[in-house]
Amino acid sequence: MGKLCGKVAVVTGGSKGIGASIAEHLAGEGASVVVNYANSKAGAEAVVARIKDKGGNAIGSRGRRPLS
């Protein structure tokens with residue numbers, strides 16, 4: 001069991017690059033992860049799938065800037 005078991009992490013920019021790596025690492029430590037993305041739905045879905053394939057818990061969530 002990881003040290004983050006029972007915790008939830010929201011990773012903004014989690015669909016690629018450093019954010020994706022952070023999301024996967026947090027899931028590896030036991031956290032349930034929300035992979036937040038602005039434009040790359042396919043990237044977020046891929047990260048979620050990798051986490052779930054390793055037995056983790058994750059969902060994707062789209063967030064975008066408010067209109068001003």
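Start with the sheet: 3 strands make an open sheet in the order β1-β2-β3, with parallel pairing. Strands here are DSSP E runs of at least two residues and helices are H or I runs of at least four, numbered from the N terminus; two strands pair if DSSP finds at least two bridges between them. This is a predicted model, where local features need pLDDT of at least 70, side-chain atom pairs count only at pLDDT 80 or more, and totals for chains, interfaces and linings use all residues. Residues are numbered from 1 along each chain as its sequence is written, and side-chain values use heavy atoms, with hydrogens and water left out.

Now pick 8-12 (β1) and 58-62 (β3): these are the edge strands, each with a single partner, so one side of each has no neighbour in the sheet. From one strand to the next, the twist averages 20°.

Next, select 32-37, which is β2; this strand pairs with β3 in the parallel sense over 5 bridges. Valine 33 sits opposite alanine 58 in β3.

Last stop: alanine 20, in helix α1. Buried or exposed? At 5% relative accessibility, alanine 20 counts as buried (under 20% relative accessible area; exposed is over 50%, partly exposed in between, with a 1.4 Å probe and protein chains only). Leaving out residues up to four places away in sequence, alanine 20 touches Gly13, Gly14, Ser15, Val47 and Arg50.

Terms used. Axes fitted to C-alpha atoms, helices over the stretch in contact; angles between N-to-C directions. Contact = heavy atoms within 4.5 Å.
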